[in-house]
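Visitor: I am new to this structure and would like a close look at a single part of it. Could you pick one residue and walk me through its surroundings?

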Amino acid sequence: MLQLLQDNPGSAYWMALALCAGLSLAVSLVLVWTKHHHGHLTLDHTEGVQKVHHHPTPRVGGLGIYLGLAVAWYALPPSEMRLLLGVALAAGLPALLAGLAEDVTRRVGVLPRLLATMLSGLVACL
């Protein structure tokens, strides 16, 4: 399989995309299906101006996206691994951690999340 990906780099991109999408979907579905176990920490309320869900919904969806990217990283050719690791994974980590902290504790203010997002943008630029 590895030899096939090395001989045809275009297929590596499709493999990475399929892994990313598949794992993101799987993690998201597991989060929804298991919300009765972690809901006391992760469920969002349905009342409020910006609320669009009719039923309590897990707030930690970014976790599935990030894990999908991390697994897709392994399917890319070595030349592309560095770009994905540097930009998407490393740069996104501060924003992800601040978002998850807010999703679970609901005690992270707007300013720390904004600063974490700005730090993610700065790391991506560098």
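**A close look at Glu102**

Guide: Happy to! Leaving aside residues up to four places away in sequence, Glu102 touches Arg59, Arg107, Val108 and Arg113, where a contact means heavy atoms within 4.5 Å. This is a predicted model, in which local features need pLDDT of at least 70 and side-chain atom pairs count only at pLDDT 80 or more, while totals for chains, interfaces and linings use all residues. Residues are numbered from 1 along each chain as its sequence is written, and side-chain values use heavy atoms, with hydrogens and water left out.

Glu102 lies in helix α5, which covers residues 78-105; helices are DSSP runs of H or I with at least four residues, strands are E runs of at least two, and both are numbered from the N terminus. With a relative accessibility of 11%, Glu102 counts as buried. Buried means under 20% relative accessible area, exposed over 50%, and partly exposed in between, using a 1.4 Å probe and protein chains only.

Now for the wider setting. The protein has 6 helices and 2 strands, in the order α-α-α-β-β-α-α-α along the sequence. Of its 126 residues, 26% count as buried.
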